[in-house]
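Subject: Handover of a structure

Dear colleague,

Please find the sequence and the structure below. A description of what was found follows them.

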Amino acid sequence: MGRVGYQKYGLAVSGSADHYSHRMANILVGNPESSAVLEVTLMGLKMKTLKQTVIAVTGGDLTFTVNGVPGPMWSSVKVNEGDVIHFAGCRSGCRAYIGVIGGISVPKILGSRSTDTVGKIGGIKGRALKKGDVIPFKEQSLLRFQGVRRRLPENLIPTYTNTFHLRVILGPQEEAFKEKAIHTFFSSTYKATKDVNRMGCRLEGPIIEHTAGADITSEGIFFGAIQVPKNGQPIVFLVGRQSIGGYTKIGGVITVDLPKLAQVKPGDSITFERITVEEAHALLKEKEHDFSILKSYSYS
């Protein structure tokens with residue numbers, strides 16, 4: 001779920017970009033929610049199962065198959081030694097997550113198993129996976145999955161299109177923008193450029209005008225922060241973001257919408273809606289209530 005407490009030293013938080021899919025993948029295989037999972041972006045990952053186990057694939061639909069047969073998403077799936085798991089291409093969303101019973105068991109570095117490819121730490125040698133890598137997991141008994149398939153209720157399974165609506169809390173530098181600019185931001189549609197990655201998502205659309213320039217004294221950048229540099233085109237920051245930045249921020253995406261932000265890919269459209277802190281808190285409590293019910297519920 002990320003390397004917490006090290007931004008002050010210049011390290012990215014990292015961890016999964018879509019925390020909702022990450023947590024659900026672990027719940028489906030009976031792991032603690034923060035257990036390490038694999039994040040798959042867009043397409044191409046192919047793996048062979050070396051030992052029988054149970055997995056769950058959540059997040060974006062990247063054409064998940066087992067031995068060439070479409071595999072069920074948002075569900076526990078038993079895989080046997082020699083089975084080939086493949087993600088052939090993106091249908092919707094951007095990132096999928098693979099939870100495995102017992103959790104991925106690479107060593108913890110500074111308190112986390114997360115891979116930081118910029119800092120080159122965590123995961124397997126601090127880099128993306130490559131051909132020949134063996135991914136270790138903590139083996140556990142599969143008895144509780146004999147004849148049982150866990151599947152997430154349909155009302156809790158998100159769907160992704162090419163248009164995303166993100167709710168935003170204004171600030172912390174809203175006074176740096178003209179009133180007209182704030183109206184433009186919340187009434188316009190922005191498109192994700194080719195510059196979309198785990199660090200951030202550059203957008204293009206109507207210009208957001210500053211009152212007296214874009215520069216501020218550099219300060220910490222949070223997950224979901226919407227920075228507006230001199231060109232007036234917003235950038236939304238994700239889990240791989242740098243620690244600090246020196247441009248004004250018009251707002252921040254609320255916690256419950258951050259998983260949607262993680263599924264945005266180049267060419268997708270984004271609109272923003274202004275809400276209050278109190279509304280954001282109520283939405284978060286509602287979402288966490290869903291998690292608390294699922295963790296205590298036996299389903300098939």
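A pocket here is an open set of points on a 1 Å grid over the protein atoms alone, with protein on both sides within 12 Å along at least five of seven lines, whereas a cavity is a set of points where a 1.4 Å probe fits but cannot get out. Grid points are joined across faces, edges and corners, and a volume is the space filled by probe spheres set on the points.

The model is predicted: local features need pLDDT of at least 70 and side-chain atom pairs count only at pLDDT 80 or more, while totals for chains, interfaces and linings use all residues. Residues are numbered from 1 along each chain as its sequence is written, and side-chain values use heavy atoms, with hydrogens and water left out.

The second largest pocket

The volume of the second largest pocket is about 440 Å³. Its lining (residues with an atom within 4 Å of a point) consists of 21 residues, and Y20, P158, V256, K260 and K287 lie nearest the centre. At least two lining residues come from each of β9 (163-170), α3 (258-262) and α4 (277-295). Helices (H or I, at least four residues) and strands (E, at least two) are DSSP runs, numbered from the N terminus. By type, the lining holds nine nonpolar, five polar and seven charged residues. Ala, Val, Leu, Ile, Met, Phe, Trp, Tyr, Cys and Pro count as nonpolar, Asp, Glu, Lys and Arg as charged, and the others, Gly among them, as polar.

The overall fold

The protein has four helices and 17 strands. Its radius of gyration, 20 Å, is close to the 19 Å that the globule rule gives for 300 residues, so the protein is as compact as a globular protein of that length. That radius is taken over C-alpha atoms, and the rule is 2.2 Å times the number of residues to the power 0.38. The C-alpha trace spans about 65 × 40 × 30 Å along its principal axes. Of the 300 residues, 50% are buried, where buried means under 20% relative accessible area, exposed over 50% and partly exposed in between (1.4 Å probe, protein chains only). Contact means heavy atoms within 4.5 Å; among contacts between residues at least 6 apart in sequence, 73% join residues at least 24 apart.

N26 has a relative accessible area of 0%. Leaving aside neighbours within four places in sequence, N26 is in contact with N31, P32, E33, S34, S35 and V37.

In α2 (residues 179-187), A181, I182, T184, F185 and F186 are buried. Among the elements that cover them are β9, β10 (189-196) and β17 (269-274).

Two further buried residues

R95 is found in β8 (residues 92-100) and is buried, at 3% relative accessibility. Its C-alpha atom is 7.7 Å from that of L62, 33 residues away in sequence.

P229 sits in the loop between β13 and β14 (235-237) and is buried as well, with a relative accessible area of 9%. Beyond its neighbours within four places in sequence, P229 is in contact with H210, A214, I235 and Y247.

With kind regards
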